[in-house]
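Subject: Structure handover and findings

Hello,

Here is the structure you were waiting for. Please open it next to this email and follow along.

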Protein chains: 2
Amino acid sequence: MKKTLLACTLMLGCTTLAHADPLSAWNDTAAKASIVQWVQNSTKQGSTTFIPKDKRYVVFDNDGTLWPEAPLTFQIQFILDEVKRQAPDHPDWKKDPLVNAVLNNDLKTVVKAGDKGLMKLLAMTHSGMTTEDFEQRVASWLANHKDARTDCRYDQLGYQPMRQLLDYLRENGFKTWIISGGGIDFMRVMSQKMYGIPPEQVVGSFALGEFSLTDNGTQIRKTMTGAFNDDAANKPVAIHLFMGHRPVAAFGNSDGDLQMLQYTAANPDYKTFGLIVHHTDATREYAYDSHPPASGKLEAALPEAKAKGWTVVDMKQDWKTVFDPAQCPVK
Amino acid sequence: MKKTLLACTLMLGCTTLAHADPLSAWNDTAAKASIVQWVQNSTKQGSTTFIPKDKRYVVFDNDGTLWPEAPLTFQIQFILDEVKRQAPDHPDWKKDPLVNAVLNNDLKTVVKAGDKGLMKLLAMTHSGMTTEDFEQRVASWLANHKDARTDCRYDQLGYQPMRQLLDYLRENGFKTWIISGGGIDFMRVMSQKMYGIPPEQVVGSFALGEFSLTDNGTQIRKTMTGAFNDDAANKPVAIHLFMGHRPVAAFGNSDGDLQMLQYTAANPDYKTFGLIVHHTDATREYAYDSHPPASGKLEAALPEAKAKGWTVVDMKQDWKTVFDPAQCPVK
């Protein structure tokens, strides 16, 4: 042991002497084994399924894959909270039945307003301000709101097994990216702290900004121009546009991730890995499948996962812990 | 010396014992000194102008900044060559006066067709095919065409001083990005090899792809939908969208880079650096300014550079060599 310590001190490359399990929040089931096996096969020089380091790009959905999406996606919750926060400054909003529904917590009416209603609320809360101002609003919302069910802040609710998986992949030379239907500016506020993923590796729904000079500098003002919904068939398009590589692994939880999984699985050069987080744990998180909350529909992707050999994570069986007890103790 | 070698062997961190000049293609003029001084001040721990490593994002224009843009930008040359290559397979194209102008090298008529004509030629050569097919076309064009003036392949014409500057910045912990009006898929074919910049750090003009399943996999087909021209005021917008950081240095050569330079200079957190490559060398490259080729107009940016203390590189005075003699010997 002493000798090892000395060798490590001199070589600097050794970071861990003890071999702590990097996936300790996972139970020792087939799901965990499939991950470890693929990573080992992909990174062992000389292996027939070796993937060179500069090709190790992996993509993760966010809502329902890295943090919860129930009962509403957290960004929808942000939108509702923002409308409430801003309403006093906009007396004219009161005339609007949709805003009134938000103010009265009448989610039924909000849901009924459909995509058109959502776009309207998005425009009210995600456009008009500078990018810096928007970032501050999200940061302030995160600091001052809690998820009702867990009584934890939203940025404390990253799934511990998935955060460990991100670390594990990075330790093995993989570049971890988020490809999500969530807003790109919204997610970038918490991605570094929650997942160790820097802004430029976070891709989401976006609209174009508008640049201008100000009295003492420059600004980019958020608009709704060129709005791009980074979901379903748009996910591979966004991967190509932002990342410019075909991924070697994809991690999702819903039909909105199916095309990203298909695009990854069809990588002609490497043995790829696909994984779907299946929400089966009504006690510790939520159980849903064909009757999902928000965007969590999982109908087409589940049979395709079985047909193509993608790993399906049964949250109840496969995860030892869901949330990091140090961040969000189980109630 | 022996002691240093031993220390370096043990510590591994030392990579160069000899102190070769990393900017040997630059003359020892004020331009070079300004670069070295800023890099040293930005990277010296404890300096009042120190920039933490995770904030060292720097952005480069491509056409006219990293490689020539005269007499036409190289991508326009690609478009013309592609129309000629494809024309025999499209007999109907012959009826089109614009295509005929291309086939007859009648550039006057092509230029007269303006932006509308350019968009038409772009659509003919940059949409309809899969992304992989497009990449192959660009690679094949690069392999089989030469710049008329130098008789070198286009991908041999990266400016040696700028390529050294990219290396020098990376060695000092800076993340180098391209932010160019050039096509994103076009530039990504050569950016790694020419500049050591991977696809995900290359941002350019783009349009959205269209994803679909095929008999044996998936494809993304290039379209003209949502075309975004990554020039002028759109450059800071693209920097925010793709990179998500305010740069600490910006390098350009024309008025199309002005807003990117302004956005960088207005970074509220750090002492930034701006640089403009001024084409003053009619013998080794081109001399132009207010009567530029292609997109190289430099009217507003030059006085602003002087007012704001950005470095203006006088190519003739400041560069020892323009092209790497090992790649493209001076004729």
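Below are the ground rules, then the salt bridges, the interface, the core and a few backbone details.

**Ground rules**

This is a predicted model: local features need pLDDT of at least 70, side-chain atom pairs count only at pLDDT 80 or more, and totals for chains, interfaces and linings use all residues. Residues are numbered from 1 along each chain as its sequence is written, chains are lettered from A and ligands numbered from 1 in the order in which they are written, and side-chain values use heavy atoms, with hydrogens and water left out.

**Salt bridges**

Over all chains, the search finds 32 salt bridges. The rule asks for a side-chain nitrogen of Lys or Arg within 4 Å of a carboxyl oxygen of Asp or Glu.

Start with Asp96(A) and Lys120(A). They form a salt bridge, with the closest N and O atoms 2.4 Å apart. Asp96(A) sits in the loop between helix 3 (74–86) and helix 4 (97–103) of chain A, and Lys120(A) in helix 6 (residues 114–126) of chain A, so the bridge ties together parts 24 residues apart in sequence. Helices here are DSSP runs (H or I, at least four residues), as are strands (E, at least two), numbered from the N terminus. Asp96(A) is buried, at 15% relative accessible area. Lys120(A) is partly exposed, at 37%. On this scale, buried is under 20% relative accessible area, exposed is over 50%, and partly exposed is in between (1.4 Å probe, protein chains only).

Now look at chain B. Asp96(B) forms a salt bridge with Lys120(B), and their closest N and O atoms are 2.4 Å apart. The pair links distant parts of the chain: Asp96(B) is in the loop between helix 3 (74–86) and helix 4 (97–103) of chain B, and Lys120(B) is in helix 6 (residues 114–126) of chain B, 24 residues apart. Asp96(B) is buried at 14% relative accessibility, while Lys120(B) is partly exposed at 39%.

Another pair in chain B is Asp155(B) with Lys193(B), where the closest N and O atoms are 3.4 Å apart. Asp155(B) is in the loop between helix 7 (131–144) and helix 8 (160–171) of chain B, Lys193(B) is in helix 10 (residues 191–195) of chain B, and 38 residues separate them. Asp155(B) is buried, at 11%. Lys193(B) is exposed, at 61%.

Back in chain A, salt bridges link Asp21(A), Asp28(A) and Lys32(A) in a network.

**The interface**

How many residues does each chain bring to the contact? Chain B gives 37 and chain A gives 37; contact means heavy atoms within 4.5 Å. About 3,000 Å² is buried between the chains, and carbon and sulfur atoms give 65% of that area. Buried area is the accessible area (1.4 Å probe) that two parts lose on being put together, summed over both. In chain B, Phe211(B), His240(B) and Leu241(B) lose the most area to chain A, together 21% of what that side buries.

The rule finds two salt bridges across the interface. Glu132(B) and Arg246(A) meet in a salt bridge at 3.2 Å, N to O.

**The core**

The largest nonpolar core has 56 residues. Such a core is a set of buried Ala, Val, Leu, Ile, Met, Phe, Trp, Tyr and Cys residues joined through side-chain atoms within 4.5 Å. Val59(A), Phe242(A), Val59(B) and Phe242(B) have the most contacts inside it. Leaving out residues up to four places away in sequence, Phe242(A) touches residues including Trp177(A), Ile184(A), Leu241(B) and Phe242(B).

**Backbone details**

Two peptide bonds are worth a look. The bond from Ala70(A) to Pro71(A) is cis, with omega near -5 degrees. Pro71(A) lies in the loop between strand 1 (57–60) and helix 3 of chain A. In chain B, a cis peptide bond joins Ala70(B) and Pro71(B), with omega about 0 degrees. Pro71(B) is in the loop between strand 1 (57–60) and helix 3 of chain B.

Asp151(A) has phi near 60 degrees, a positive value in a residue other than glycine. Asp151(A) is partly exposed, at 45% relative accessibility. Ala232(B) has a positive phi near 50 degrees and lies in the loop between strand 5 and helix 11 of chain B.

Best wishes
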